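Below is a briefing on one protein chain. It covers contacts across the sequence, cavities and pockets, salt bridges and a surface patch.

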Amino acid sequence: TFTKRVPTNEEYKKAVGSNSRVNSDVQTRREGCTVSGTIHIPRVGGTLSVSVSPDAWRRATSVLAFGMDLLGGQKEDVDPFHGKLPNVTHYVHDVTFGAPFPPGKNPLQGAHHIMDNGSGVALANVAVKLVPTTYKRTFHSERETYQVSVSRHIVEPATLAAQRSMLLPGLMITYDFTPLAVRHVEKRENLFVFLSSLVGIVGGVFVTVGLVSGCLVNSAQAVAKKMD
């Protein structure tokens, strides 16, 4: 189930960062939305995408595929789509597969892709490898989760149009599961091991203090004899 709402000003700032041109463009249009929700997927590879509509992309690519401007814009315009397509710059608050894995960092958390190519239109292609992981903490039950490895690249709209690709501008997350699994277990040392280490440390301190004090006493006695 997914819900959609209008982004806050803070979310706009996170999405565009310090890029003033994209910031001005997005703030002027006041487009976009914040999507949140949960989806249950089988343990097979798949794709999650948020993109422009196929009809809008088909109409807009006429200027790239045929070298003709059928949208009525001026030649000196930086945006070849003349604002007919939304700016797909986005900020990923968090995308999590399964329960959190505290020892590792989620590379899909706090990621953003800024489309500063003039049109604000491109495809952020994110490939995710999921490593099944069993996580066991001391005094806690086992937890089945996933570790995440991510690679990403931006596909420009001219490339999509030239290749007549079926992919659409926006965000596309392709995930797949590795055939290997990891078992991560956190353990504490046995109490007797701790006590034996403690005794060894205390004994070493006493021996060291005895040697140092013996050297000081002998030195003082030797100096006193010379003075006599």
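## Briefing: contacts, voids and surface

W57 sits in helix α3, which spans residues 54–60. This is a predicted model. A search of the whole structure turns up one cavity of 30 Å³ or more, and the largest pocket holds about 1,500 Å³ of space. The structure also has two salt bridges.

**Contacts across the sequence**

- W57 has 6% relative accessibility, so the residue counts as buried, the cut-off being under 20%.
- W57 and P169 are 112 residues apart in sequence, yet their C-alpha atoms are 8.0 Å apart in space.
- E144 belongs to strand β7.
- The relative accessibility of E144 is 52%, so E144 counts as exposed, for which the cut-off is over 50%.
- E144 and G98 are 46 residues apart along the chain, with 7.6 Å between their C-alpha atoms.

**The largest cavity**

- The largest cavity contains about 40 Å³ of space.
- Its lining consists of R43, P132, T133, E144, T145 and Y146.
- Two elements give two or more residues to this lining: β6 (123–136) and β7 (143–155).
- Strand β7 contributes the most to the lining, with three residues.
- By class, the lining of the largest cavity has two nonpolar, two polar and two charged residues.

**The largest pocket**

- The volume of the largest pocket is about 1,500 Å³.
- Its lining counts 46 residues.
- V35, S36, V50, V95 and L171 are the lining residues nearest the centre of the pocket.
- Two helices, α1 (9–16) and α2 (20–29), each supply at least two lining residues.
- Strands β2 (34–37), β3 (46–51), β4 (90–92) and β8 (170–177) also each supply at least two.
- The lining of the largest pocket divides into 24 nonpolar, 16 polar and six charged residues.

**Salt bridges**

- Side chains of opposite charge can pair when their charged atoms come close.
- D176 is partly exposed, at 33% relative accessible area.
- K129 also counts as partly exposed, at 42% relative accessibility.
- R183 and E142 form a salt bridge as well, at 2.5 Å from N to O between their side chains.
- R183 lies in strand β9 (residues 182–185) and E142 in the loop between β6 and β7, so this bridge ties together parts 41 residues apart in sequence.
- R183 has a relative accessible area of 53% and is exposed.
- E142 is partly exposed, with a relative accessible area of 40%.

**Nonpolar surface patch**

- L191, F192, F194, L195, L198, V202 and F206 make up a nonpolar patch on the surface.
- Together these residues have about 750 Å² of accessible area.
- F192, one of the patch residues, lies in helix α6, which covers residues 191–227.
- F192 reaches 64% relative accessibility, so this residue counts as exposed, the cut-off being over 50%.

**Elements to look at again**

- Strand β7 holds E144 and gives three residues to the lining of the largest cavity.

Definitions and conventions
Residues numbered from 1 in each chain as written. Predicted model: local features only at pLDDT ≥ 70, side-chain atom pairs only at ≥ 80, totals over all residues. Heavy atoms only, no water. 1 Å grid on protein atoms, 1.4 Å probe; cavity = no way out; pocket = protein on both sides within 12 Å on 5 of 7 lines; lining within 4 Å. Points joined across faces, edges and corners; volume = space filled by probe spheres on them. Helix = DSSP H or I, 4+ residues; strand = E, 2+ residues; numbered from the N terminus. Nonpolar A, V, L, I, M, F, W, Y, C, P; charged D, E, K, R; others polar. Patch = residues over 30% accessible without salt bridge, like charges linked within 9 Å, V, L, I, M, F, W, Y side chains within 5 Å. Areas by Shrake-Rupley, 256 points an atom, 1.4 Å probe, with all protein chains shown as cover. Salt bridge = Lys/Arg side-chain N within 4 Å of Asp/Glu carboxyl O. Buried < 20%, exposed > 50% of the residue type's maximum accessible area, 1.4 Å probe, protein only.
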